[in-house]
Amino acid sequence: MTSWQPDWDDFPPALLEFWTERHLGTLTTLRADGRPHVVPVGVALDIEQRCAWVITYGTSRKAAHLAGDPRVAACQVDGGRWSTIEGTARVCADEASVRRAEERYAARYRTPQPNPLRVALRIEIDRFLVSPAILASPA
């Protein structure tokens, strides 16, 4: 396993490819008692804004947990290839952030259905954990 702190101007091509291929992942938030809460999500990396996005309902547990502890981990796996984003997240309910998150999600997955209760979770990335299989693959 390798740890990589974002140098957004020199992003490893194989890691960028892995985070733009269509993979579902998980998001881990922390409950008030410290236990992890892990749920399946789509994660959209945003190179221009130097973050990652998750879209969800404003009433979701994952959104609520961030008020108590903003630390998160987002992970995706494909066979022997995997990567985890570690960072902090905040709930963004403003129209511009939600639209940006929806656009990034649509670019990776598909256009999300309209949802007036949608919020965006903006993940500020501290580091990536990366499997050796990703770094060994040609980009």
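H23 counts as buried, at a relative accessibility of 9%, because the cut-off for burial is under 20% relative accessible area. The structure discussed here is a predicted model. H23 is located in the loop between helix 1 and strand 2. Its side chain forms a polar contact with the side chain of E21, at 2.6 Å.

Residues up to four places away in sequence being left out, H23 touches F18, Q76, V77, D78, R81, R108 and Y109. One of these, R108, is 85 residues from H23 in sequence, while the two C-alpha atoms are 8.6 Å apart in space. R108 is also among the buried residues of helix 3, and F18 is among those of helix 1.

## Overall architecture

The protein chain contains 4 helices and 8 strands. In sequence order these elements follow the pattern β-α-β-β-β-β-α-β-β-α-β-α. The radius of gyration is 14 Å, close to the 14 Å that the globule rule gives for 139 residues, so the protein chain is as compact as a globular protein of that length.

The C-alpha trace spans about 40 × 35 × 25 Å along its principal axes. Of the 139 residues in the protein chain, 47% are buried. Among contacts with a separation of 6 or more, 73% are between residues 24 or more positions apart.

The buried residues in helix 1 (13-20) include A14, L15, F18 and W19. These residues cover an arc of only 130° around the axis, which puts them on the same side of helix 1. An α-helix has 3.6 residues a turn, so residues three or four places apart point the same way.

In helix 2 (61-68), K62, A63, H65 and L66 are buried. Viewed down the axis of helix 2, the buried residues fall within an arc of 160°, so they line one face of the helix. R61, A67 and G68, on the other side of helix 2, are exposed. The elements that cover the buried residues of helix 2 include strand 2, strand 3, strand 5, strand 6, strand 7 and strand 8.

S60 belongs to the loop between strand 5 (51-57) and helix 2. With a relative accessible area of 12%, S60 is buried, since residues under 20% are classed in that way. The side chain of S60 makes a polar contact, at 3.2 Å, with the side chain of T56.

## Helix 3

Helix 3 comprises 14 residues, 95-108, and at 1.5 Å a residue it should span 20 Å; its end C-alpha atoms are 20 Å apart, which agrees. The buried residues of helix 3 are S97, V98, R100, A101, Y105 and R108. They cover an arc of only 160° around the axis, which puts them on the same side of helix 3. E95 and A107, on the other side of helix 3, are exposed.

The buried residues of helix 3 pack against helix 1, strand 4 (44-46), strand 5, strand 6 (71-78), strand 7 (81-92) and strand 8 (118-130). Strand 5, strand 6, strand 7 and strand 8 are also among the elements that cover the buried residues of helix 2.

## The hairpin of strand 2 and strand 3

Strand 2 (residues 25-30) pairs with strand 3 in the antiparallel sense, over 6 bridges. Within this pairing, L30 stands opposite P36 in strand 3. The hairpin has 5 residues between the strands, and G34 takes a positive phi near 90° there.

## The loop between strand 6 and strand 7

G80 is situated in the loop between strand 6 and strand 7. G80 has a relative accessible area of 57% and is exposed, because the cut-off for exposure is over 50%.Apart from neighbours within four places in sequence, G80 is in contact with S131 and A133. The C-alpha atoms of G80 and P132 are separated by 8.8 Å, and these two residues are 52 residues apart along the chain.

Technical notes: Residues numbered from 1 in each chain as written. Predicted model: local features only at pLDDT ≥ 70, side-chain atom pairs only at ≥ 80, totals over all residues. Heavy atoms only, no water. Helix = DSSP H or I, 4+ residues; strand = E, 2+ residues; numbered from the N terminus. Buried < 20%, exposed > 50% of the residue type's maximum accessible area, 1.4 Å probe, protein only. Polar contact = N/O pair within 3.5 Å; in protein donor to acceptor, adjacent residues only side chain to side chain. Expected span 1.5 Å × (residues − 1). Arc of directions from axis to C-beta. Contact = heavy atoms within 4.5 Å. Pairing = 2+ DSSP bridges. Rg over C-alpha atoms; globule rule 2.2 N^0.38 Å.
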